[in-house]
Amino acid sequence: MEFLNMPKGGLRTGLLLGAAMGLATMAAPANADTLREALAQAYVSNPSLEAARAQQRAVDEGVPIERSAGLPDVAATGSYTEFLEGASQFGPDRLFTGGLDLGVPLYSGGAVKNSIRAAKQRVTAGQADLRATESAIFTRVVAAYMDVLRNQAIVGLSTNQVDVLGVNLQATSDRFEIGDLTRTDVAQSQARLAVAQGDLEGARANLISARETYIQLVGEAPTNLEPPPPLPGLPESAEQAVQIALENNPDLIAAEERAEAAGYDIRVAGSGRLPRLSAFAGYDYQNTLSSLRSQVPGGSLPQSDTAAQAGLSLRIPLFQGGRPAALERQAQARASAALEQVIAAERDVIAQVRAAYSSWLAANAIIESSQSAVDAAELSLEGVRAENSIGNRTILDVLNAEQELLSARVQLVTARRNAYVSGFSLLAAMGRAEARDLNLDTGGPLYDPQLNYERVQGKFFDWSRDPDPEPQATRTIDIAAPDASIVQVDAIEADPGL
């Protein structure tokens, strides 16, 4: 699914595209950062995502661990003994023994088979958890990206407001000097300018905070962020979104897989009361190292001996103090909890999807109303200024009109940010906000947890190990602390989308 394809959705989709395009606060150069690049960078360098992948590789090892219980066990033994005192006059002074033992489990009551099945289900659940982690991080990256754009826009608006109010104060002071206005008018202009300057400092602090969050998630500082592309595959209705989520949401899939694994755990626990049958074979060797003396002068005795044996071993449990039954009941209780967690996950998914869909619709409606408010406030300010010039409006009326326009513009920028983030959150709840869905270019193949599982599931060599682990995520200690500077702060004014 292409992240750049325009989805079909009538007015709502058009509004969302407006949300994406209208948040630009600067003229983006050719090398500007894009949301796709930010997501791709987070995909290859975010420590939380890298840790989740490593954790899943640990889960993969559960299958060969459980399978090892059904494979032959071979062990070599050896010992060397020096008889210091108490030995027979004609006994050996020293003894070396060695042996080779082989054990082959033949029947374990189904414990091995069901343990392997449970481990495989947990691998599938872990892969779903990894998908959920990926989409959750992507949702945070999108929110951080949009927060930077929004706060840049607000800083630009606030800077423009300070400039406008500064000009108003100068004009008011000049008119006061010629007796056209009162000192009250000057004080009102000074107060509004001071408030606007405080708001600007707050906006700058918010922008710095947003940029820090971006660095934390992406591993790079935001530079010239471009408007984000349209979101792909947004649903036409809440019912459609819920239906897709019930089939694809990774949290729900993980809960279902764990419930199935818990069912196998019941069988494993129940196998504790069944017989165990195994085959064994052994070879033993001992050597006195020429220290065994003969009772006949000049005679000699054999100094070494060997023995071999093979057979079957059967163990039938008759009484274990109720342990197997307790383990089975415990597994049943855990399976019951896992089944309830499936219902809880399903409820949570439904609630998330419906809430995200509602927030998305509301944000788009707010965009439309905020755009109307901006248009009306611009017209109102123009009229109030004209009427003030002929004495029909006071300076306070002008200041109020300017504040209303600023508030409407901030509300519009915020609504556009909220619409995009809500839309992406909706995709995440539907299970469609991962790298494979967004067609990210990460400079190589996407991480596939199935490859590692296939690599390790059949391994049985005791000395097969991976290289020592090293961190894969990038550090941010060398990234300079961000500031609140923005480029071309009047871009919002020039953008017809606003």
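Predicted model: local features only at pLDDT ≥ 70, side-chain atom pairs only at ≥ 80, totals over all residues.
**Stop one: a charged patch**

Start by selecting Lys113, Arg117, Lys120 and Arg267. On the surface, these residues gather in a patch of positive charge. Which helix gives the patch its largest share? That's helix H5, residues 111–177, which supplies three residues. Colour that helix, then click on Lys120, which lies in H5.

**Stop two: a nonpolar patch**

Next, select Val74, Leu100, Leu102 and Tyr283. You're now looking at a nonpolar patch on the surface. Together, its residues have about 370 Å² of accessible area. Zoom in on Val74, which sits in strand E1, residues 73–82. Is Val74 buried or exposed? With a relative accessible area of 57%, Val74 counts as exposed, since exposed means over 50%.

**Stop three: a buried proline**

Now go to helix H4, residues 62–68, and pick out Pro64. Pro64 is buried, because its relative accessible area is 12% and buried means under 20%. Which residues does Pro64 touch, once you leave aside its neighbours within four places in sequence? Select Val456, Gln457 and Lys459: Pro64 is in contact with these. Finish by showing the C-alpha atoms of Pro64 and Lys459.

Notes
Residues numbered from 1 in each chain as written. Heavy atoms only, no water. Patch = residues over 30% accessible without salt bridge, like charges linked within 9 Å, V, L, I, M, F, W, Y side chains within 5 Å. Areas by Shrake-Rupley, 256 points an atom, 1.4 Å probe, with all protein chains shown as cover. Salt bridge = Lys/Arg side-chain N within 4 Å of Asp/Glu carboxyl O. Lys, Arg positive; Asp, Glu negative; His and termini not counted. Charge placed at Lys NZ, Arg CZ, Asp CG, Glu CD. Helix = DSSP H or I, 4+ residues; strand = E, 2+ residues; numbered from the N terminus. Buried < 20%, exposed > 50% of the residue type's maximum accessible area, 1.4 Å probe, protein only. Contact = heavy atoms within 4.5 Å.
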